[in-house]
Amino acid sequence: MNSPNVAPVVGMVGAGQLARMTQQAAIALGVELRVLANAPDESASRVITQTVLGDYRDLDDLRAFADGCDAVTFDHEHVPGGHIRVLAEAGVAVRPGADALIHAQDKAVMRERLGAIGAPCPAWARVDSVSAVEEFAGENGWPVVLKAVRGGYDGRGVWVVESAGEAAQVLKNGVELIAEAFVPFERELAVLVARSPHGQGVSYPVVETVQEDGICVEVIAPAPDLDAEDAAQAQRIALTIAAELGVTGLLAVEMFQTKTGLVVNELAMRPHNSGHWTIEGARTSQFEQHLRAVLDLPLGSPAMTAPVVVMANLLGGPDPDIFSRYEHVLAHDPGIKLHFYGKEVRPGRKIGHVTALGTDLDDVRARARHAVTCLRGPV
Ligand SMILES: Nc1ncnc2c1ncn2[C@@H]1O[C@H](COP(=O)(O)OP(=O)(O)OP(=O)(O)O)[C@@H](O)[C@H]1O
Ligand SMILES: [Mg+2]
(Lines give C-alpha, C1' and ligand atoms only; values in the text may rest on other atoms or scores of the structure.)
(Ligands and ions follow the chains in the order given, each with its own letter.)
Protein backbone atom coordinates (compact mmCIF):
# COMPACT_ATOMS: atom_id res chain seq x y z
CA MET A 1 0.00 0.00 0.00
CA ASN A 2 1.00 3.59 -0.53
CA SER A 3 1.52 5.98 2.37
CA PRO A 4 -1.74 7.15 4.01
CA ASN A 5 -1.78 10.41 2.11
CA VAL A 6 -1.62 8.78 -1.27
CA ALA A 7 -4.74 7.10 -2.60
CA PRO A 8 -4.40 3.42 -3.40
CA VAL A 9 -4.40 2.78 -7.14
CA VAL A 10 -6.33 -0.14 -8.63
CA GLY A 11 -5.94 -1.00 -12.29
CA MET A 12 -8.86 -2.80 -13.89
CA VAL A 13 -8.25 -4.48 -17.21
CA GLY A 14 -11.33 -3.93 -19.35
CA ALA A 15 -13.71 -0.98 -19.55
CA GLY A 16 -17.18 -2.46 -19.69
CA GLN A 17 -20.06 -1.74 -17.33
CA LEU A 18 -18.42 -3.62 -14.46
CA ALA A 19 -15.49 -1.21 -14.48
CA ARG A 20 -17.90 1.70 -14.85
CA MET A 21 -19.83 0.65 -11.74
CA THR A 22 -16.58 -0.05 -9.88
CA GLN A 23 -15.72 3.61 -10.38
CA GLN A 24 -18.74 4.67 -8.30
CA ALA A 25 -17.40 2.64 -5.40
CA ALA A 26 -13.83 3.80 -5.98
CA ILE A 27 -14.89 7.45 -5.69
CA ALA A 28 -16.39 6.92 -2.24
CA LEU A 29 -13.53 4.73 -1.01
CA GLY A 30 -10.93 7.23 -2.17
CA VAL A 31 -9.39 4.67 -4.49
CA GLU A 32 -7.96 5.83 -7.79
CA LEU A 33 -9.33 3.52 -10.46
CA ARG A 34 -7.47 3.16 -13.72
CA VAL A 35 -8.88 1.14 -16.62
CA LEU A 36 -7.27 -0.48 -19.64
CA ALA A 37 -9.71 0.15 -22.48
CA ASN A 38 -9.81 -0.83 -26.13
CA ALA A 39 -11.42 2.47 -27.09
CA PRO A 40 -12.27 5.88 -25.59
CA ASP A 41 -16.01 5.35 -25.97
CA GLU A 42 -16.41 2.18 -23.94
CA SER A 43 -18.80 2.05 -21.01
CA ALA A 44 -16.12 2.78 -18.37
CA SER A 45 -13.74 4.90 -20.45
CA ARG A 46 -16.55 7.43 -20.85
CA VAL A 47 -16.56 8.12 -17.10
CA ILE A 48 -13.02 7.37 -15.90
CA THR A 49 -10.36 9.99 -16.44
CA GLN A 50 -7.58 7.47 -15.80
CA THR A 51 -8.31 5.55 -18.99
CA VAL A 52 -5.34 3.92 -20.69
CA LEU A 53 -5.90 2.72 -24.24
CA GLY A 54 -4.31 -0.61 -25.01
CA ASP A 55 -4.71 -4.25 -25.83
CA TYR A 56 -5.22 -6.70 -22.95
CA ARG A 57 -3.61 -9.42 -25.09
CA ASP A 58 -0.38 -7.43 -25.40
CA LEU A 59 2.15 -7.98 -22.62
CA ASP A 60 3.85 -4.61 -23.10
CA ASP A 61 0.52 -2.81 -22.86
CA LEU A 62 -0.30 -4.73 -19.67
CA ARG A 63 3.12 -3.98 -18.16
CA ALA A 64 2.81 -0.27 -18.82
CA PHE A 65 -0.73 -0.26 -17.45
CA ALA A 66 0.26 -2.11 -14.26
CA ASP A 67 3.12 0.27 -13.50
CA GLY A 68 2.17 2.27 -10.39
CA CYS A 69 -0.89 0.15 -9.52
CA ASP A 70 -1.22 -1.25 -5.99
CA ALA A 71 -3.37 -4.03 -7.41
CA VAL A 72 -4.43 -5.09 -10.89
CA THR A 73 -7.77 -6.79 -11.47
CA PHE A 74 -10.22 -7.49 -14.27
CA ASP A 75 -13.62 -6.65 -15.64
CA HIS A 76 -13.49 -9.69 -17.94
CA GLU A 77 -11.84 -13.09 -18.11
CA HIS A 78 -9.86 -12.80 -21.30
CA VAL A 79 -6.35 -11.81 -20.20
CA PRO A 80 -3.97 -14.68 -21.03
CA GLY A 81 -2.71 -16.53 -17.95
CA GLY A 82 0.87 -16.41 -19.23
CA HIS A 83 0.81 -12.61 -19.24
CA ILE A 84 -0.63 -12.54 -15.71
CA ARG A 85 2.21 -14.79 -14.51
CA VAL A 86 4.83 -12.50 -16.04
CA LEU A 87 3.28 -9.49 -14.28
CA ALA A 88 3.12 -11.36 -10.96
CA GLU A 89 6.76 -12.42 -11.27
CA ALA A 90 7.66 -8.76 -11.82
CA GLY A 91 6.00 -7.95 -8.47
CA VAL A 92 2.56 -6.78 -9.62
CA ALA A 93 -0.26 -7.76 -7.24
CA VAL A 94 -2.60 -9.33 -9.80
CA ARG A 95 -5.88 -10.33 -8.17
CA PRO A 96 -7.11 -12.90 -8.84
CA GLY A 97 -3.87 -14.59 -9.89
CA ALA A 98 -3.47 -16.77 -12.96
CA ASP A 99 -3.77 -20.05 -11.05
CA ALA A 100 -7.18 -19.07 -9.69
CA LEU A 101 -8.45 -17.25 -12.79
CA ILE A 102 -7.91 -20.26 -15.07
CA HIS A 103 -11.00 -21.82 -13.43
CA ALA A 104 -13.14 -18.99 -14.75
CA GLN A 105 -11.45 -19.09 -18.17
CA ASP A 106 -11.53 -22.77 -18.96
CA LYS A 107 -14.63 -24.86 -18.24
CA ALA A 108 -12.74 -28.18 -18.46
CA VAL A 109 -10.11 -27.08 -15.91
CA MET A 110 -12.94 -25.78 -13.73
CA ARG A 111 -14.82 -29.10 -13.82
CA GLU A 112 -11.65 -31.12 -13.10
CA ARG A 113 -10.80 -28.99 -10.10
CA LEU A 114 -14.32 -28.79 -8.68
CA GLY A 115 -14.51 -32.58 -8.91
CA ALA A 116 -11.21 -32.89 -7.07
CA ILE A 117 -12.37 -30.69 -4.19
CA GLY A 118 -15.71 -32.48 -3.93
CA ALA A 119 -18.01 -29.69 -5.16
CA PRO A 120 -21.23 -31.10 -6.65
CA CYS A 121 -21.04 -31.08 -10.48
CA PRO A 122 -22.94 -32.72 -13.34
CA ALA A 123 -21.31 -35.67 -15.14
CA TRP A 124 -19.00 -34.22 -17.78
CA ALA A 125 -16.30 -35.15 -20.29
CA ARG A 126 -14.08 -33.54 -22.88
CA VAL A 127 -15.49 -34.37 -26.34
CA ASP A 128 -13.92 -33.90 -29.75
CA SER A 129 -16.05 -36.12 -32.00
CA VAL A 130 -19.65 -37.19 -32.59
CA SER A 131 -18.81 -40.68 -31.32
CA ALA A 132 -17.48 -39.22 -28.06
CA VAL A 133 -20.75 -37.29 -27.60
CA GLU A 134 -22.73 -40.46 -28.40
CA GLU A 135 -20.70 -42.41 -25.87
CA PHE A 136 -21.35 -39.69 -23.25
CA ALA A 137 -25.08 -39.76 -24.07
CA GLY A 138 -25.03 -43.56 -23.79
CA GLU A 139 -23.97 -43.18 -20.17
CA ASN A 140 -25.86 -40.01 -19.22
CA GLY A 141 -28.79 -39.82 -21.68
CA TRP A 142 -29.97 -37.12 -24.10
CA PRO A 143 -30.12 -34.18 -24.19
CA VAL A 144 -26.45 -33.43 -23.76
CA VAL A 145 -25.21 -29.92 -23.00
CA LEU A 146 -22.18 -29.01 -25.13
CA LYS A 147 -20.10 -26.06 -23.97
CA ALA A 148 -17.21 -24.19 -25.51
CA VAL A 149 -14.32 -24.68 -23.09
CA ARG A 150 -13.29 -21.04 -23.49
CA GLY A 151 -14.87 -17.72 -24.42
CA GLY A 152 -18.61 -18.34 -23.87
CA TYR A 153 -20.88 -15.68 -22.36
CA ASP A 154 -24.60 -14.97 -22.09
CA GLY A 155 -25.29 -18.53 -23.22
CA ARG A 156 -23.26 -18.13 -26.42
CA GLY A 157 -21.05 -21.17 -26.39
CA VAL A 158 -23.73 -23.41 -24.80
CA TRP A 159 -25.73 -25.83 -26.96
CA VAL A 160 -28.35 -28.30 -25.73
CA VAL A 161 -28.32 -31.13 -28.27
CA GLU A 162 -30.89 -33.91 -28.58
CA SER A 163 -29.13 -36.17 -31.07
CA ALA A 164 -25.86 -37.14 -32.74
CA GLY A 165 -26.94 -35.06 -35.76
CA GLU A 166 -27.35 -31.92 -33.65
CA ALA A 167 -24.02 -32.59 -31.95
CA ALA A 168 -22.35 -32.85 -35.36
CA GLN A 169 -23.60 -29.35 -36.23
CA VAL A 170 -22.00 -27.95 -33.06
CA LEU A 171 -18.73 -29.82 -33.61
CA LYS A 172 -18.51 -28.13 -37.03
CA ASN A 173 -17.74 -24.86 -35.21
CA GLY A 174 -14.33 -26.36 -34.50
CA VAL A 175 -14.14 -25.06 -30.90
CA GLU A 176 -12.85 -27.14 -28.01
CA LEU A 177 -15.87 -28.61 -26.17
CA ILE A 178 -16.98 -30.37 -23.04
CA ALA A 179 -20.19 -32.35 -22.70
CA GLU A 180 -22.28 -32.06 -19.55
CA ALA A 181 -25.26 -34.07 -18.41
CA PHE A 182 -28.43 -32.01 -18.75
CA VAL A 183 -29.42 -30.96 -15.22
CA PRO A 184 -33.21 -30.92 -14.72
CA PHE A 185 -33.03 -27.99 -12.37
CA GLU A 186 -35.91 -26.35 -10.52
CA ARG A 187 -34.25 -22.95 -10.64
CA GLU A 188 -30.87 -21.23 -10.90
CA LEU A 189 -29.14 -19.72 -7.90
CA ALA A 190 -25.96 -17.70 -7.51
CA VAL A 191 -23.71 -17.10 -4.55
CA LEU A 192 -21.36 -14.17 -4.50
CA VAL A 193 -18.44 -14.31 -2.09
CA ALA A 194 -15.36 -12.17 -1.60
CA ARG A 195 -11.97 -13.35 -0.40
CA SER A 196 -8.96 -11.22 0.44
CA PRO A 197 -5.28 -12.22 0.20
CA HIS A 198 -5.35 -12.39 4.02
CA GLY A 199 -7.92 -15.14 3.67
CA GLN A 200 -10.89 -13.20 5.01
CA GLY A 201 -14.08 -14.35 3.29
CA VAL A 202 -17.64 -13.07 3.23
CA SER A 203 -20.73 -14.32 1.46
CA TYR A 204 -23.71 -12.35 0.22
CA PRO A 205 -27.16 -13.92 0.60
CA VAL A 206 -27.96 -16.58 -2.01
CA VAL A 207 -29.95 -15.15 -4.92
CA GLU A 208 -32.20 -16.61 -7.59
CA THR A 209 -31.27 -15.76 -11.16
CA VAL A 210 -33.87 -15.94 -13.92
CA GLN A 211 -32.58 -16.45 -17.48
CA GLU A 212 -34.36 -16.06 -20.80
CA ASP A 213 -32.69 -17.25 -24.01
CA GLY A 214 -29.44 -17.78 -22.10
CA ILE A 215 -29.38 -14.19 -20.74
CA CYS A 216 -29.96 -13.30 -17.11
CA VAL A 217 -33.03 -11.06 -16.98
CA GLU A 218 -33.78 -10.88 -13.27
CA VAL A 219 -32.11 -11.48 -9.91
CA ILE A 220 -34.08 -11.90 -6.70
CA ALA A 221 -32.40 -11.44 -3.32
CA PRO A 222 -32.66 -13.43 -1.21
CA ALA A 223 -33.71 -16.49 -3.28
CA PRO A 224 -37.40 -16.87 -2.37
CA ASP A 225 -38.34 -19.80 -0.13
CA LEU A 226 -34.85 -21.27 -0.06
CA ASP A 227 -34.59 -23.24 3.14
CA ALA A 228 -31.92 -22.18 5.59
CA GLU A 229 -29.98 -25.42 5.27
CA ASP A 230 -29.74 -25.19 1.46
CA ALA A 231 -28.75 -21.52 1.70
CA ALA A 232 -26.01 -22.30 4.21
CA GLN A 233 -24.78 -25.17 2.07
CA ALA A 234 -24.66 -22.98 -1.06
CA GLN A 235 -22.63 -20.36 0.83
CA ARG A 236 -20.33 -23.02 2.22
CA ILE A 237 -19.71 -24.43 -1.27
CA ALA A 238 -18.86 -20.97 -2.63
CA LEU A 239 -16.56 -20.04 0.26
CA THR A 240 -14.81 -23.43 0.01
CA ILE A 241 -14.24 -22.97 -3.73
CA ALA A 242 -12.84 -19.46 -3.12
CA ALA A 243 -10.43 -20.75 -0.48
CA GLU A 244 -9.39 -23.93 -2.34
CA LEU A 245 -8.75 -22.08 -5.59
CA GLY A 246 -6.98 -19.21 -3.84
CA VAL A 247 -9.37 -16.61 -5.25
CA THR A 248 -8.66 -12.99 -4.34
CA GLY A 249 -11.47 -10.54 -5.06
CA LEU A 250 -15.00 -11.60 -5.88
CA LEU A 251 -16.12 -15.07 -6.86
CA ALA A 252 -19.60 -15.68 -8.25
CA VAL A 253 -20.72 -19.30 -8.19
CA GLU A 254 -23.67 -20.08 -10.45
CA MET A 255 -25.63 -23.10 -9.23
CA PHE A 256 -28.63 -25.21 -10.12
CA GLN A 257 -31.14 -26.18 -7.46
CA THR A 258 -32.47 -29.67 -8.17
CA LYS A 259 -34.79 -32.06 -6.34
CA THR A 260 -31.72 -33.91 -5.11
CA GLY A 261 -29.54 -30.96 -4.11
CA LEU A 262 -27.29 -28.21 -5.43
CA VAL A 263 -25.08 -28.52 -8.52
CA VAL A 264 -22.37 -26.02 -9.48
CA ASN A 265 -22.74 -24.60 -12.99
CA GLU A 266 -19.86 -22.17 -13.42
CA LEU A 267 -17.59 -19.59 -11.83
CA ALA A 268 -16.79 -15.92 -12.45
CA MET A 269 -14.01 -14.02 -10.67
CA ARG A 270 -15.05 -10.39 -10.89
CA PRO A 271 -18.13 -8.32 -10.13
CA HIS A 272 -21.04 -10.28 -11.58
CA ASN A 273 -24.46 -9.51 -12.98
CA SER A 274 -26.01 -11.56 -10.17
CA GLY A 275 -24.54 -9.03 -7.70
CA HIS A 276 -25.71 -5.73 -9.22
CA TRP A 277 -28.55 -5.64 -6.67
CA THR A 278 -25.96 -5.02 -3.94
CA ILE A 279 -25.40 -1.39 -5.05
CA GLU A 280 -28.56 -0.36 -3.20
CA GLY A 281 -29.53 -3.67 -1.62
CA ALA A 282 -26.50 -4.44 0.57
CA ARG A 283 -24.46 -2.43 3.07
CA THR A 284 -21.40 -3.00 0.89
CA SER A 285 -21.85 -3.16 -2.88
CA GLN A 286 -20.06 -5.92 -4.76
CA PHE A 287 -17.95 -3.24 -6.46
CA GLU A 288 -16.75 -1.79 -3.17
CA GLN A 289 -16.18 -5.31 -1.86
CA HIS A 290 -14.07 -6.20 -4.86
CA LEU A 291 -11.89 -3.11 -4.37
CA ARG A 292 -11.49 -3.87 -0.67
CA ALA A 293 -10.60 -7.49 -1.41
CA VAL A 294 -8.04 -6.82 -4.15
CA LEU A 295 -6.38 -4.16 -1.94
CA ASP A 296 -6.36 -6.64 0.97
CA LEU A 297 -8.44 -4.28 3.10
CA PRO A 298 -10.95 -5.55 5.67
CA LEU A 299 -14.13 -6.65 3.89
CA GLY A 300 -17.47 -4.89 4.32
CA SER A 301 -20.80 -6.13 5.62
CA PRO A 302 -22.82 -8.07 3.03
CA ALA A 303 -26.04 -7.53 5.01
CA MET A 304 -29.13 -6.55 3.04
CA THR A 305 -30.66 -3.08 3.35
CA ALA A 306 -34.22 -4.31 2.71
CA PRO A 307 -36.02 -7.64 3.09
CA VAL A 308 -36.48 -8.11 -0.67
CA VAL A 309 -34.40 -6.75 -3.54
CA VAL A 310 -35.04 -7.35 -7.25
CA MET A 311 -32.64 -6.37 -10.03
CA ALA A 312 -33.89 -6.50 -13.61
CA ASN A 313 -31.58 -6.19 -16.57
CA LEU A 314 -32.45 -3.59 -19.18
CA LEU A 315 -32.02 -5.13 -22.62
CA GLY A 316 -32.16 -2.89 -25.66
CA GLY A 317 -35.27 -2.89 -27.86
CA PRO A 318 -35.78 -1.68 -31.43
CA ASP A 319 -36.24 1.96 -30.37
CA PRO A 320 -32.91 3.34 -29.08
CA ASP A 321 -34.44 6.45 -27.49
CA ILE A 322 -34.59 5.13 -23.90
CA PHE A 323 -34.41 8.59 -22.40
CA SER A 324 -37.72 9.59 -23.97
CA ARG A 325 -39.32 7.08 -21.58
CA TYR A 326 -37.22 8.01 -18.58
CA GLU A 327 -39.53 10.59 -17.10
CA HIS A 328 -42.52 8.27 -16.90
CA VAL A 329 -40.50 5.58 -15.14
CA LEU A 330 -39.06 8.00 -12.59
CA ALA A 331 -42.45 9.60 -11.93
CA HIS A 332 -44.26 6.27 -11.67
CA ASP A 333 -42.02 4.91 -8.92
CA PRO A 334 -39.91 7.34 -6.87
CA GLY A 335 -38.22 4.36 -5.19
CA ILE A 336 -36.88 2.75 -8.37
CA LYS A 337 -33.14 3.01 -9.03
CA LEU A 338 -31.90 3.18 -12.62
CA HIS A 339 -28.45 2.35 -13.92
CA PHE A 340 -27.38 3.06 -17.49
CA TYR A 341 -24.12 1.77 -18.88
CA GLY A 342 -23.57 4.43 -21.54
CA LYS A 343 -23.73 1.79 -24.25
CA GLU A 344 -25.26 2.10 -27.67
CA VAL A 345 -28.75 0.58 -27.66
CA ARG A 346 -29.01 -2.60 -29.71
CA PRO A 347 -31.81 -5.17 -29.53
CA GLY A 348 -31.05 -7.76 -26.85
CA ARG A 349 -27.91 -6.01 -25.57
CA LYS A 350 -27.53 -5.38 -21.81
CA ILE A 351 -27.55 -1.58 -21.61
CA GLY A 352 -28.47 -1.05 -17.97
CA HIS A 353 -30.38 -2.40 -15.04
CA VAL A 354 -32.93 -1.30 -12.46
CA THR A 355 -33.22 -2.17 -8.79
CA ALA A 356 -36.30 -2.17 -6.57
CA LEU A 357 -36.27 -2.66 -2.80
CA GLY A 358 -39.16 -3.47 -0.50
CA THR A 359 -40.90 -6.01 1.65
CA ASP A 360 -43.34 -7.81 -0.64
CA LEU A 361 -41.77 -9.98 -3.34
CA ASP A 362 -44.62 -9.71 -5.86
CA ASP A 363 -44.76 -5.95 -5.49
CA VAL A 364 -40.98 -5.43 -5.73
CA ARG A 365 -40.75 -7.74 -8.72
CA ALA A 366 -43.62 -5.98 -10.49
CA ARG A 367 -41.96 -2.59 -9.95
CA ALA A 368 -38.64 -3.75 -11.41
CA ARG A 369 -40.36 -5.35 -14.39
CA HIS A 370 -42.50 -2.30 -15.05
CA ALA A 371 -39.42 -0.08 -15.16
CA VAL A 372 -37.44 -2.20 -17.62
CA THR A 373 -40.47 -2.89 -19.80
CA CYS A 374 -41.18 0.84 -20.09
CA LEU A 375 -37.56 1.81 -20.70
CA ARG A 376 -37.13 -0.84 -23.34
CA GLY A 377 -40.12 0.55 -25.23
CA PRO A 378 -42.24 -1.13 -27.89
CA VAL A 379 -40.86 -4.50 -29.04
N1 LIG B 1 -25.63 -28.88 -17.53
C2 LIG B 1 -26.66 -28.08 -17.76
N3 LIG B 1 -27.93 -28.55 -17.69
C4 LIG B 1 -29.00 -27.75 -17.96
N5 LIG B 1 -28.90 -26.46 -18.31
C6 LIG B 1 -27.67 -25.92 -18.38
C7 LIG B 1 -26.48 -26.70 -18.10
N8 LIG B 1 -25.42 -25.90 -18.24
C9 LIG B 1 -25.89 -24.68 -18.59
N10 LIG B 1 -27.23 -24.67 -18.68
C11 LIG B 1 -28.09 -23.50 -19.02
O12 LIG B 1 -27.38 -22.65 -19.90
C13 LIG B 1 -27.13 -21.38 -19.28
C14 LIG B 1 -25.77 -20.84 -19.71
O15 LIG B 1 -24.74 -21.75 -19.27
P16 LIG B 1 -23.36 -21.21 -18.67
O17 LIG B 1 -23.66 -20.39 -17.49
O18 LIG B 1 -22.43 -22.35 -18.49
O19 LIG B 1 -22.89 -20.37 -19.93
P20 LIG B 1 -22.15 -18.98 -20.16
O21 LIG B 1 -22.61 -18.48 -21.48
O22 LIG B 1 -20.72 -19.19 -19.94
O23 LIG B 1 -22.68 -18.13 -18.98
P24 LIG B 1 -23.01 -16.65 -18.71
O25 LIG B 1 -24.29 -16.35 -19.41
O26 LIG B 1 -23.19 -16.72 -17.22
O27 LIG B 1 -21.88 -15.84 -19.17
C28 LIG B 1 -27.26 -21.63 -17.79
O29 LIG B 1 -27.56 -20.46 -17.09
C30 LIG B 1 -28.37 -22.66 -17.78
O31 LIG B 1 -29.64 -22.06 -17.93
MG1 LIG C 1 -23.55 -18.64 -16.68
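In which loop is the place of Asp-296? Asp-296 is located in the loop between H10 and E15, where helices (H or I, at least four residues) and strands (E, at least two) are DSSP runs numbered from the N terminus. The structure is a predicted model, in which local features need pLDDT of at least 70, side-chain atom pairs count only at pLDDT 80 or more, and totals for chains, interfaces and linings use all residues. Residues are numbered from 1 along each chain as its sequence is written, chains are lettered from A and ligands numbered from 1 in the order in which they are written, and side-chain values use heavy atoms, with hydrogens and water left out.

Asp-296 has a positive phi of about 60° although it is not a glycine. With a relative accessibility of 24%, Asp-296 counts as partly exposed; buried means under 20% relative accessible area, exposed over 50%, and partly exposed in between (1.4 Å probe, protein chains only). Ser-301 also lies in the loop between H10 and E15 and is partly exposed, at a relative accessible area of 36%. The side chain of Ser-301 reaches the backbone nitrogen of Ala-303 at 3.0 Å. With neighbours within four places in sequence left aside, Ser-301 is in contact (heavy atoms within 4.5 Å) with Arg-283 and Thr-284. Ser-301 and Lys-350 are separated by 49 residues in sequence and by 28 Å in space, C-alpha to C-alpha.

A positive phi, of about 55°, is also found at Asp-225, which is not a glycine. Asp-225 is placed in the loop between E12 and H8 and is exposed, with a relative accessible area of 79%. Pro-222 lies in the loop between strand E12 (215-221) and helix H8 (228-245). A cis peptide bond with omega of about -15° joins Ala-221 and Pro-222. Another cis peptide bond joins Arg-95 and Pro-96, with omega of about 0°; Pro-96 is in the loop between helix H3 (81-89) and helix H4 (98-105).

Helix H1 comprises 13 residues (residues 17-29), which at 1.5 Å a residue should span 18 Å. The expected span is 1.5 Å times one less than the number of residues. The end C-alpha atoms of H1 are 19 Å apart, in agreement with this value. Buried residues of H1 include Gln-17, Leu-18, Arg-20 and Met-21. The cover over the buried residues of H1 includes strands E1 (9-13), E2 (32-37), E16 (337-340) and E17 (350-358), together with helices H9 (278-281) and H10 (286-294). Just after H1, Gly-30 takes a positive phi of about 75°.

Ser-43 is situated in the loop between E2 and strand E3 (51-53). This residue counts as buried, at 5% relative accessibility. Among the contacts of Ser-43, neighbours within four places in sequence aside, are Gln-17 and Arg-20, both of which are buried residues of H1. Tyr-341 and Lys-343 are also in contact with Ser-43, and the side chain of Ser-43 reaches the backbone oxygen of Tyr-341 at 2.6 Å.

On the surface, Phe-323, Tyr-326 and Leu-330 form a nonpolar patch with about 270 Å² of accessible area together. Accessible areas come from the Shrake-Rupley method with a 1.4 Å probe; for residues, only the protein chains shown count as cover. Phe-323 lies in the loop between strand E15 (308-315) and helix H11 (326-332) and counts as partly exposed, at 46% relative accessibility.

Technical notes. Patches are made of residues with over 30% relative accessible area and no salt bridge: like charges are joined within 9 Å, nonpolar side chains (Val, Leu, Ile, Met, Phe, Trp, Tyr) within 5 Å. A salt bridge is a side-chain nitrogen of Lys or Arg within 4 Å of a carboxyl oxygen of Asp or Glu. A polar contact is a pair of N or O atoms within 3.5 Å; within protein, one must be able to donate a hydrogen and the other to accept it, and residues adjacent in sequence count only if both atoms are side-chain atoms.
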